[in-house]
Amino acid sequence: MIPTGADVVIVGAGPTGLMLAGDLAAAGVRTAVLERRSRESNLTRAFGVHARTLEVLDARGLADELTATGEPVRELRLFDRVHVDLTRLPSRFPYLLITPQYQVERVLRRRAESLGATLVGGVQVVDLRQDAGEVRVDIAGGQSIRASYVVGTDGVHSRVRQALGLPFPGRAVLQSIMLADVRMTAAPTGVLAVNAVGDCFAFVAPFGDGWFRVFAWDRLDQQPDSAPLDFEEIRAVTRRALGTDFGMHDPRWMARFHSDERQVPTYRVGRVFLAGDAAHIHSPAGGQGMNTGIQDAANLGWKLTAAVHGWAPEDLLDSYHAERHPVGRLVLRSSGAIIRLAMIQSQIPRAARNVIGGTALRIGPIARKVAGTISGIGIAYAPPRGGHPLAGQRAADVPLTGDAQPAARLYEALRDGVFVLVAPPELATIAAPWADRVRQATPADTHTPTMLVRPDGYVAWATGDTLPERRDTAIRDALSTFCGSPTKLGR
Ligand SMILES: Cc1cc2nc3c(=O)[nH]c(=O)nc-3n(C[C@H](O)[C@H](O)[C@H](O)COP(=O)(O)OP(=O)(O)OC[C@H]3O[C@@H](n4cnc5c(N)ncnc54)[C@H](O)[C@@H]3O)c2cc1C
């Protein structure tokens, strides 16, 4: 049944909306998700879950369940000899997990529902309007629902974005990519097989359950998305690009699609936010779309929670656009660069690409930067002026200690969905007045700087100061700045 009101209405139950719904419901926010489809999707679309997304899921206790559904890929072959080594990522998940998008959605949906989010299928949002106090969301058929905030996670053709009157500027990158999910009698020996020759490219990835995803593209055969697709065409292009079609057979799904690069100019208009494909789309190279959407949701969830619970610092909701828009732009550029480099046709520039790219990726700092960007591990937010160098960075999963410590590492401590003050135990009393928003955790390594970690796993503030009076005052100031006024008197 469609509720008449909620604290937050989420339009669209793709991975972005489901992730956000779980985070809000976990924090006690009344959340309704309105989804046009009336049943679960079994489309594979995305099939790569990057290290940072797995960390974000780990901080919600979901990573082990998801990793059991797929297959790790430890090296990405971008083109010919240009490889990205993921094994050195400073993460529990030094790989790309190959698993179908519907598995990710299943895990996120179960969590959101079990935590109390209301998911309603078969409901199409047609319009919305807002005033200073609330948003009214109109549904096909005439009903409406009121909310304090609305988030459009309704994908590339977002109705929410249209209702806000926002443009979606950008351009087409690649037309007529052919996709199929197939069985194979002679599967590739490497985990991923990819190659481009002359006018075509093909890419094969295993889902780990006997099914494979094939991408094939032929410059000389460009068709609209609606054109019929012949399986034999996919096999022929794969043979031309990879030298074999691996005995592919029994396609369970085939589609043509085109890839655009677009980004909405603002992620927030008043009480309405955009996230995931509704806010940005890019080439599928690098497998970034679903990952970026899930991380948009992780960034927005705790901020909306703070606003609904009434303790959000004034500019907190604006920081969603300030932090996530540049990340979307970076993803647009990096995935666009991969696809353009992959498509180079002439022999000499192509050879130069392979030599320069191959050499560059053997240089430690460049290799780390590329792996960090693709995996999301290297994504950071702008630090406050004069802040500690760790501020804005992703918090590493530091080991924790202490008898009263049920969490063995930081990402387990983050599962409560609140800030974590990583600090020696004697400082726990400082955070006590914020007990509903902050928990204290003792680092096992005494050299770990004292830091305040946001619910989304980024460092809000840190200090290397060990002088007790200065440090204690600085912690109190940081708690007031980032976590709002304390609920209990104790200052
Ligand atoms: C072929 C292909 C391969 C890809 N591979 C990868 C990959 O390997 N890795 C990766 O990270 N990404 C990949 N992507 C991108 C990825 O699939 C998307 O980025 C991801 O699905 C975006 O999630 P989302 O939740 O933002 O939007 P969506 O998944 O599009 O979900 C939007 C939801 O909103 C619903 N909806 C729409 N309009 C309304 C309305 N008016 N009212 C109510 N509900 C509505 C839709 O039914 C849908 O369920 C790939 C995409 C394609 C096409």
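Two strands count as paired here if DSSP finds at least two bridges between them. On that basis, β14 and β15 form a hairpin, with five residues between the two strands. The model is predicted. The domain assignment divides the protein into domain 1 (5–170 + 262–375), domain 2 (173–259) and domain 3 (400–483).

**Hairpin and the strands around β15**

- Within the turn of the β14–β15 hairpin, Gly-208 has a positive phi of about 95°.
- Strand β14 (residues 200–206) is antiparallel to β15, and seven bridges connect the two. In this pairing, Pro-206 is placed opposite Phe-212 of β15.
- Strand β12 (residues 170–184) also runs antiparallel to β15, through five bridges. Leu-179 faces Phe-215 of β15, and Val-182 is opposite Phe-212 of β15.
- A further antiparallel pairing links β12 to strand β16 (residues 248–263) by 11 bridges. Here Arg-171 stands opposite Glu-261 in β16.

**Burial of β15**

- How many of the seven residues of strand β15 (residues 212–218) are buried? Seven of the seven are, so the strand is largely enclosed by the rest of the structure.
- In a regular strand, side chains alternate between the two faces of the sheet.
- Phe-212, Val-214, Ala-216 and Asp-218 point one way from β15, while Arg-213, Phe-215 and Trp-217 point the other way. The residues of both sets are buried.

**Three-stranded open sheet**

- An open sheet is formed by three strands in the order β3-β7-β4, with antiparallel pairing.
- Why is one side of β3 (48–49) and of β4 (71–73) left without a neighbour in the sheet? Both strands stand at the edges and each has a single partner strand, so one side of each remains without a neighbour there.
- β4 and strand β7 (residues 96–98) run antiparallel and are joined by three bridges. Within this pairing, Leu-96 in β7 is the bridge partner of Val-73.

- The side chain of Glu-35 has an N or O atom 2.6 Å from an oxygen atom of the ligand.
- For the side chain of Thr-16, an N or O atom is 2.9 Å from a ligand oxygen atom.
- A polar backbone atom of Arg-36 is 3.0 Å from a nitrogen atom of the ligand.
- Of the 990 Å² of accessible area that the ligand has on its own, the protein covers 91%.

**Helix α2 and Asp-58**

- Helix α2 is mostly covered, as eight of its eight residues are buried. The buried residues are Ala-51, Arg-52, Thr-53, Leu-54, Glu-55, Val-56, Leu-57 and Asp-58.
- Asp-58 belongs to helix α2 (residues 51–58). Its relative accessibility is 2%, so Asp-58 counts as buried, the cut-off being under 20%.
- The side chains of Asp-58 and Arg-409 are joined by a polar contact of 2.8 Å.

**Gly-70 and separations across the model**

- Gly-70 is located in the loop between α3 (63–67) and β4.
- Is Gly-70 buried or partly exposed? Its relative accessibility is 23%, and therefore Gly-70 counts as partly exposed.
- Gly-70 and Ile-177 are 107 residues apart along the chain, and their C-alpha atoms are separated by 24 Å.
- The C-alpha centres of domain 2 and domain 3 are 49 Å apart.

Note on methods: Residues numbered from 1 in each chain as written. Predicted model: local features only at pLDDT ≥ 70, side-chain atom pairs only at ≥ 80, totals over all residues. Heavy atoms only, no water. Helix = DSSP H or I, 4+ residues; strand = E, 2+ residues; numbered from the N terminus. Polar contact = N/O pair within 3.5 Å; in protein donor to acceptor, adjacent residues only side chain to side chain. Areas by Shrake-Rupley, 256 points an atom, 1.4 Å probe, with all protein chains shown as cover. Domains from an automatic or database assignment. Buried < 20%, exposed > 50% of the residue type's maximum accessible area, 1.4 Å probe, protein only.
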